[in-house]
Amino acid sequence: MIINPVYPTEFQTYDAAIKEAYGDFELIDDNEKLVEGTLFTKRYFQLFPRLASSQIQELTVSTQDLLINGLAWSFAEMIVVPELHKRLYKISSNEQLEAISASFHSVLDRGYTDEQLYSPDMNFSDEFLEGYRRLLMPLTFEQLPEYLTNEIKQAFEEMKTKILITPDYYDQVPPADTFVQCIQKAAEEYYLDRGQYLLTKYPIFPTGKAIPYSVWIIILALKWYEVFQDYIRTIKESQYRKESELLLLLSEKGLSPKHFMGLNTETAIALQDESEQRYNKRLEERPQTKAEDSRYAKLIPWMRGEENLQALWKTLDELDYIEHEEFQYFFSGHFYITNTSSGEKRASFSQKIKWFSSLDNLLRMLESLVTYNIISVLPFGKRTDTEIAGRIYNLIQIHFANNDGIDFKMDAIRKAAQRKRRPDAKIDRDFNGNVLKKIRSIQ
């Protein structure tokens with residue numbers, strides 16, 4: 001697929017930028033390759049929604065890591081500009097060190113760098129220069145949070161204790177470089193903590209600020225992968241069971257999905273027909289289930305296999321984020337696996353899942369599960385046009401309660417959703433590191 005070069009300042013929405021870069025997804029042929037080096041086509045998504053969604057998640061996570069690294073590098077370069085980096089290499093006295101230290105702390109306190117732009121071929125306006133020198137977080141263009149400023153100051157003080165006494169050995173990292181690495185690490189944690197919401201809003205560029213093109217093309221790729229997941233969400237649940245049947249047939253014939261996608265049309269269709277017949281036969285042999293009853297609660301469709309659900313439950317249980325109960329009760333009372341025929345879409349349960357962490361964290365967990373297409377929230381719309389956020393809120397009300405067993409009120413859920421998106425929102429790093437990281441690795 002041909003990717004057109006686009007620049008962030010030319011657009012006001014990600015949808016417009018994506019359409020210009022990659023084309024209109026709805027008009028792309030079912031067999032056109034969507035990402036080079038992958039099997040991704042619309043036809044592949046239609047046949048293997050579970051497998052494709054998992055592979056998209058894997059690609060997304062690795063690309064998110066690239067984005068976070070790129071933003072952290074841009075941040076470190078903004079804080080330790082090249083001229084300052086050079087000066088740190090050449091420090092030979094306490095007087096020089098203290099002068100740089102005073103200037104550096106002043107820059108952080110003012111949120112404004114003294115670096116001068118220079119180009120013999122360009123004239124910069126005062127407005128541009130003023131905007132360029134402001135210390136703002138790359139991409140979000142928010143002011144540096146106080147805790148991050150303090151971490152930078154602390155790293156600088158640690159560097160000061162070593163910079164004049166470290167021998168000039170070739171195999172030792174200079175203190176100035178270690179300092180820059182500390183800043184990058186702190187910025188990586190900042191962006192990782194906010195990873196779920198980094199790309200929810202199109203950036204508004206202050207005068208003098210931009211996004212490095214190397215970072216911008218990563219952002220475009222991530223938004224393109226979101227289009228794939230959105231498309232897969234429209235595929236009927238029955239296809240997940242048909243996918244399992246097709247994968248079983250291919251395995252019996254010694255074929256992988258990659259081999260299958262390379263077959264000629266006639267052979268591929270014959271295998272699909274054979275798989276469809278086997279699927280229909282299993283449906284006929286399946287015991288009849290009771291009709292749905294409106295008194296029963298909707299279960300949560302889980303798209304990635306029971307073993308992954310059990311692994312997430314184990315993490316939540318061991319870290320005391322939920323009340324301890326046997327996995328089978330947790331599973332049967334609240335979930336069903338979409339690629340099996342054993343799950344009932346409605347079930348009666350007497351107790352909701354008691355959630356012992358914050359409502360903010362519960363929202364973060366469910367949003368992450370939805371983003372990677374690990375659960376579906378389609379059954380939780382009170383109206384067919386209910387937005388995903390509203391469906392998540394409804395899911396919480398049906399399946400979760402606080403640590404006292406009291407239902408979460410809708411108003412409290414909405415306020416928590418607004419609160420956690422603020423730039424100054426408190427981040428639970430333990431929860432992010434244990435639960436959200438676990439979700440990122442689900443395949």
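Ser-275 is found in helix 12, which spans residues 265–285. In this predicted model, the residue counts as buried, because its relative accessibility is 5%. Beyond its neighbours within four places in sequence, Ser-275 is in contact with Lys-242, Glu-245, Leu-246 and Leu-249.

Glu-245 is buried at 5% relative accessibility, whereas Arg-278 is partly exposed, with a relative accessible area of 22%. A salt bridge also joins Glu-245 to Arg-282, and here the closest N and O atoms are 2.6 Å apart. Because Glu-245 lies in helix 10 and Arg-282 in helix 12, this pair ties together parts that are 37 residues apart in sequence. Arg-282 counts as partly exposed at 46% relative accessibility. Together with Glu-252, the residues Glu-245, Arg-278 and Arg-282 are linked in a network of salt bridges.

The structure holds 22 salt bridges. Among them is the pair formed by Glu-307 and Arg-50, whose closest N and O atoms are 3.8 Å apart. Glu-307 is located in helix 13 (residues 306–318) and Arg-50 in helix 3 (residues 49–79), so the pair ties together parts that are 257 residues apart in sequence. With a relative accessible area of 19%, Arg-50 is buried; the cut-off for this class is under 20%.

Loop residues were examined next. The loop between helix 15 (359–371) and helix 16 (388–399) contains Asn-373. This residue has a positive phi of about 65° although it is not a glycine, and it counts as buried at 3% relative accessibility. Phe-380 has its place in the loop between helix 15 and helix 16 and is likewise buried, at 2% relative accessibility. The C-alpha atoms of Phe-380 and Arg-391 are 4.9 Å apart in space, while the two residues are 11 residues apart in sequence. Leaving aside neighbours within four places in sequence, the contacts of Phe-380 include Lys-298, Leu-299, Ile-300 and Pro-301. Contacts of Phe-380 are also made with Arg-391, Asn-394, Leu-395, Ile-398 and His-399.

A positive phi, near 55°, is found for Phe-141, a residue other than glycine. Phe-141 lies in the loop between helix 6 (126–133) and helix 7 (146–163) and counts as buried at 12% relative accessibility.

Ile-217 has its place in helix 9 (residues 213–233) and is partly exposed, with a relative accessible area of 39%.

For the protein chain as a whole, the secondary structure comes to 18 helices and 6 strands. The C-alpha atoms fill a box of roughly 85 × 55 × 45 Å along the principal axes. Of the 443 residues, 46% are buried. Among contacts between residues at least 6 apart in sequence, 73% join residues at least 24 apart. The chain exposes about 24000 Å², of which carbon and sulfur atoms supply 50%. The 54 positive and 66 negative charges have mean positions that are 5 Å apart.

Note on methods
Residues numbered from 1 in each chain as written. Predicted model: local features only at pLDDT ≥ 70, side-chain atom pairs only at ≥ 80, totals over all residues. Heavy atoms only, no water. Helix = DSSP H or I, 4+ residues; strand = E, 2+ residues; numbered from the N terminus. Buried < 20%, exposed > 50% of the residue type's maximum accessible area, 1.4 Å probe, protein only. Contact = heavy atoms within 4.5 Å. Areas by Shrake-Rupley, 256 points an atom, 1.4 Å probe, with all protein chains shown as cover. Lys, Arg positive; Asp, Glu negative; His and termini not counted. Charge placed at Lys NZ, Arg CZ, Asp CG, Glu CD. Salt bridge = Lys/Arg side-chain N within 4 Å of Asp/Glu carboxyl O.
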